[in-house]
Amino acid sequence: MFPGRFPMMDVNPRYVVERDNALQRIQHDLWPLDEIDPKKEKFPCCLVWTPLPVVSWLAPFVGHVGICREDGTVVDFSGSNMITVGNLSYGAVARYYQLDRRQGYQHAEFGTAVSWDDALHSSTLSFEHRNFNPFTCNDHSFVADCLNRLSYGGSMNWNMVNVGVLVLSKGQWVNGSSILRSFMPFIVMVCFGHLMVGWQFLIGILSFFLLVAGWYILATYCFNNLIEY
């Protein structure tokens with residue numbers, strides 16, 4: 001289920017017919033995507049994820065996210081005024097989730113993009129002039145902005161949290177080594193910490209989990225609303 005779908009009540013029937021006709025034309029014009037090719041870092045219309053150095057050692061669910069063009073090229077927001085094209089900034093793709101292009105054009109009146117790549121290009125132009133903040137304006141924010149421009153899934157309520165949940169809940173691992181690369185440092189650190197410190201270390205790790213998750217939820221759903229109003 002996609003976040004915040006637009007309600008269909010009180011919609012002009014004529015608009016619905018025109019929208020459906022436009023959607024059919026768009027779907028007819030969509031060309032077939034190339035196959036996903038991890039060796040060449042090509043993931044057409046996918047969300048892609050990789051673990052972050054040090055941070056993912058403590059919280060393996062935290063990582064760096066990017067989105068891919070229709071030709072499979074990876075695009076991500078990697079730092080202040082910095083967009084990386086061609087690969088993820090912090091390592092090879094570990095997980096990916098291929099999105100359905102047809103879900104991106106259900107509400108063209110609300111979305112601002114005319115095509116998948118147009119949405120990514122518009123977001124790129126916008127984020128090229130933004131300062132990176134790991135808590136409020138980051139790689140997840142960039143991906144959410146792209147999905148909002150597409151009105152993907154009929155929603156313009158994409159944000160850091162639901163983008164992350166989507167990748168982690170539905171993403172596929174590239175291969176077995178990607179799983180090891182994502183979890184092995186965490187497992188080693190937990191074992192070492194428990195051996196040296198004891199249960200207090202595990203309690204500390206759990207507290208760190210809750211702190212990170214709580215902060216992102218507050219920053220997304222509370223602080224942003226305070227700014228808006």
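By salt bridge I mean a side-chain nitrogen of Lys or Arg within 4 Å of a carboxyl oxygen of Asp or Glu. Both residues belong to H4, which covers residues 139–150, and they sit four residues apart, about one turn of the helix. Helices (H or I, at least four residues) and strands (E, at least two) are DSSP runs here, numbered from the N terminus.

A quick word on the model: it is predicted, so local features need pLDDT of at least 70 and side-chain atom pairs count only at pLDDT 80 or more, while totals for chains, interfaces and linings use all residues. Residues are numbered from 1 along each chain as its sequence is written, and side-chain values use heavy atoms, leaving out hydrogens and water.

Is aspartate 145 buried or exposed? Its relative accessibility is 16%, so aspartate 145 counts as buried. The cut-offs are these: buried is under 20% relative accessible area, exposed is over 50%, and partly exposed is in between, using a 1.4 Å probe and protein chains only.

How many salt bridges does the structure hold? There are two. The other one joins glutamate 70 to arginine 101, with the closest N and O atoms 3.0 Å apart. Glutamate 70 is in the loop between strand E2 (63–68) and strand E3 (74–79), and arginine 101 is in the loop between strand E5 (95–98) and helix H3 (116–127), so this pair ties together parts that are 31 residues apart in sequence. Glutamate 70 is buried at 6% relative accessibility, and arginine 101 is buried too, at 9%.

Leucine 30 is 71 residues away from arginine 101 along the chain, yet their C-alpha atoms are 8.4 Å apart in space. You will find leucine 30 in the loop between helix H1 (13–29) and strand E1 (46–51), and at 22% relative accessibility it counts as partly exposed.

Back in the loop between E2 and E3, please find aspartate 71. Aspartate 71 is partly exposed, with a relative accessible area of 40%. Leaving aside neighbours within four places in sequence, which residues does aspartate 71 contact? They are Lys42 and Pro44, where contact means heavy atoms within 4.5 Å.

Now for how H3 and H4 meet. They pack at an angle of about 135°, with their axes 9 Å apart. Axes are lines fitted to C-alpha atoms, for helices over the stretch in contact, and angles run from 0 to 180 degrees between N-to-C directions. H3 and H4 are therefore oblique to each other; angles under 35 degrees count as roughly parallel, over 145 as roughly antiparallel, 65 to 115 as roughly perpendicular, and the rest as oblique. Among the residues that meet are Trp116 and Phe127 in H3, and Phe142, Asp145 and Arg149 in H4.

Finally, let's zoom out. The chain has seven helices and six strands. Of its 229 residues, 41% are buried. Among contacts with a separation of 6 or more, 67% are between residues 24 or more positions apart.
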